[in-house]
Amino acid sequence: MNSIIKTTLIFLSVWFVACSKEQQETAKEPTTESVFAKGKKITNNNFTGTAWLQMLVNNDSIYNTSIGNVTFEAGARTRWHKHPGGQILLITDGTGYYQEKGKPAQLIRKGDVVKIPPDTEHWHGAAPNSGLTHIAISTNLQKGNVVWLQPVSDEEYSDKPIN
Ligand code: MN
């Protein structure tokens, strides 16, 4: 083998190894894109802190259901409220809390599913040090829309025992 071919082969081997290593590293990177749009900043006073909403399904007389993608910044949460027809939360990113009145708060995180019974006073939102994204499915809307109550005070938010 002459030296030009040898040099070429060595160069190609190094190049091949470098390329496959680069490919592996790219594949290991976590995806940061969310499936659904973040939507618009919520400007009503039913939330404390900063949150965004993207409606995915609007209520109609066939499904009696609305579905929204809700993103909370760290520390953001809903007011206390209840759903006459219940609600289901699919946590798609981050860490936060779900609390029913009179019960300890539950830590919720990406991958969790929360079933909220009809007419049950509760709140949901992000942890103090993490954002939270969930898909909120409001069911049986023929029974009525969400009833908003008092804000979750800073004391309630910070003093909550965790289940
Ligand atoms: Mn709710």
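Predicted model: local features only at pLDDT ≥ 70, side-chain atom pairs only at ≥ 80, totals over all residues.
View 1. Strand E3 (51-57), strand E4 (66-72) and strand E11 (132-138) each contribute at least two residues to the lining of the largest pocket, and E4 gives the largest share, five residues. Strands are DSSP runs of at least two residues, numbered from the N terminus. The pocket holds about 460 Å³ of space, and of its 27 lining residues Ser66, Gln87, Ser138, Val146 and Trp148 are the closest to its centre. A pocket is an open set of points on a 1 Å grid over the protein atoms alone, where a 1.4 Å probe fits, with protein on both sides within 12 Å along at least five of seven lines, and lining residues have an atom within 4 Å of a point.

**View 2. The manganese site.** His81 (NE2), His83 (NE2), Gln87 (OE1), His122 (NE2) and His124 (NE2) coordinate the manganese ion at 2.2 Å, donors being N, O and S atoms within 2.8 Å of the metal (3.2 Å for Na, K and Ca). His81 in strand E6 (residues 81-82) and His122 in strand E10 (residues 122-126) lie 41 residues apart.

**View 3. Surroundings of His83.** His83, in the loop between E6 and strand E7 (87-100), is buried at 6% relative accessibility, where buried means under 20% relative accessible area with a 1.4 Å probe, protein chains only.

Residues are numbered from 1 along each chain as its sequence is written. Local features need pLDDT of at least 70 and side-chain atom pairs count only at pLDDT 80 or more, whereas totals for chains, interfaces and linings use all residues, and side-chain values use heavy atoms, leaving out hydrogens and water.

Technical notes. Helix = DSSP H or I, 4+ residues; strand = E, 2+ residues; numbered from the N terminus. Buried < 20%, exposed > 50% of the residue type's maximum accessible area, 1.4 Å probe, protein only. Contact = heavy atoms within 4.5 Å. Points joined across faces, edges and corners; volume = space filled by probe spheres on them. Lists of a residue's contacts leave out its neighbours within four places in sequence.
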